[in-house]
Amino acid sequence: MERILVLNGPNLNLLGERDPAHYGTKALDEINEGLFVKASELGVELVCFQSNHEGYLIDKIHSERKSCQGIIINPGALAHYSYAIRDALEAVALPVVEVHLSDITRREEWRSESVVSPVAWRVVIGRGWMGYIEALEVLVSHLRE
Ligand code: CA2
């Protein structure tokens with residue numbers, strides 16, 4: 001059975017508390033519950049991890065590199081400047097789907113670039129929580145091609 005690492009970065013633990021116009025109304029636990037339902041339909045195992053700390057996210061990418069076959073990551077604001085996350089994802093050489101709940105290309109200028117995207121196999125933006133489900137579906141199809 002394939003195992004997929006699902007990572008969420010800074011502040012995503014607060015989802016559902018504020019700013020529904022950008023991020024929707026679901027809490028991260030509810031998004032993860034939806035992902036577990038889809039994972040069971042697809043017959044894959046998920047490991048979900050959220051941290052507000054760049055280094056902990058990098059440690060998780062490293063520690064799961066041999067036990068997971070793919071990564072779904074919403075790096076939060078780290079997407080806009082973390083070359084360390086970018087390098088970690090590139091180093092482990094697993095297929096990566098980058099997810100953003102909001103459409104970062106249609107917000108503030110500083111949000112419009114992701115330094116992670118160049119090492120992602122696919123990027124899903126502006127699809128709300130369903131973006132994570134879409135990410136899981138395309139990643140699993142890709143792994144089974
Ligand atoms: O659209 C996305 O998914 C983001 O990755 C979310 C990040 C943001 O910094 C990125 O630019 C785009 C922010 C995550 C959470 O921010 C909250 C703000 C208010 C209430 C709850 C969460």
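Modeller: The expected span of a helix is 1.5 Å times one less than its number of residues, and both helices (H or I, at least four residues) and strands (E, at least two) are DSSP runs numbered from the N terminus. This is a predicted model, in which local features need pLDDT of at least 70, side-chain atom pairs count only at pLDDT 80 or more, and totals for chains, interfaces and linings use all residues. Residues are numbered from 1 along each chain as its sequence is written, while side-chain values use heavy atoms, with hydrogens and water left out.

Colleague: In what order do the elements of the protein chain run from the N terminus on?

Modeller: The protein chain contains five helices and five strands. Read from the N terminus on, its elements follow the order β-α-α-β-α-β-α-β-β-α.

Colleague: Why is the protein chain described as being as compact as a globular protein of that length?

Modeller: The comparison uses the radius of gyration over C-alpha atoms and the globule rule, 2.2 Å times the number of residues to the power 0.38. For 145 residues the rule gives 15 Å, and the protein chain is close to this, so it is as compact as a globular protein of that length, with a radius of gyration of 14 Å.

Colleague: Among contacts between residues at least 6 apart in sequence, what share joins residues at least 24 apart?

Modeller: A contact means heavy atoms within 4.5 Å. Taking the contacts of the protein chain between residues at least 6 apart in sequence, the share that joins residues at least 24 apart is 77%.

Colleague: What percentage of the 145 residues in the protein chain is buried?

Modeller: Buried means under 20% relative accessible area, exposed over 50%, and partly exposed in between (1.4 Å probe, protein chains only). Of the 145 residues in the protein chain, the buried ones make up 46%.

Colleague: How far does helix α5 reach from its first C-alpha to its last?

Modeller: Helix α5 covers residues 130-144, which is 15 residues. Its reach is close to the 21 Å expected at 1.5 Å a residue. From first C-alpha to last, helix α5 reaches 21 Å.

Colleague: Which elements are included in what covers the buried residues of α5?

Modeller: The buried residues in α5 are G131, Y132, I133, A135, L136, L139 and V140. Their cover includes the helix α2 (28-42). It also includes β1 (3-8), β2 (45-50), β3 (70-74), β4 (96-100) and β5 (122-125).

Colleague: Which residues come nearest to the ligand?

Modeller: A residue is near a molecule if one of its heavy atoms lies within 4 Å of it. There are 14 residues around the ligand, and those that come nearest are N74, H80, L101, S102 and R111.

Colleague: Is L15 buried or exposed?

Modeller: L15 is placed in the loop between β1 and α1 (20-23). Not counting residues up to four places away in sequence, L15 touches Y23, K26, A27, L28, I31 and L101. Because its relative accessibility is 7%, L15 counts as buried.

Colleague: Which residues is N32 in contact with, leaving aside its neighbours within four places in sequence?

Modeller: N32 is part of helix α2. Its relative accessibility is 11%, so N32 counts as buried. Beyond its neighbours within four places in sequence, N32 is in contact with N8 and C48.

Colleague: Is A93 buried or exposed?

Modeller: A93 sits in the loop between α4 and β4, and its phi is positive, near 55 degrees, although A93 is a residue other than glycine. With a relative accessible area of 64%, A93 is exposed.
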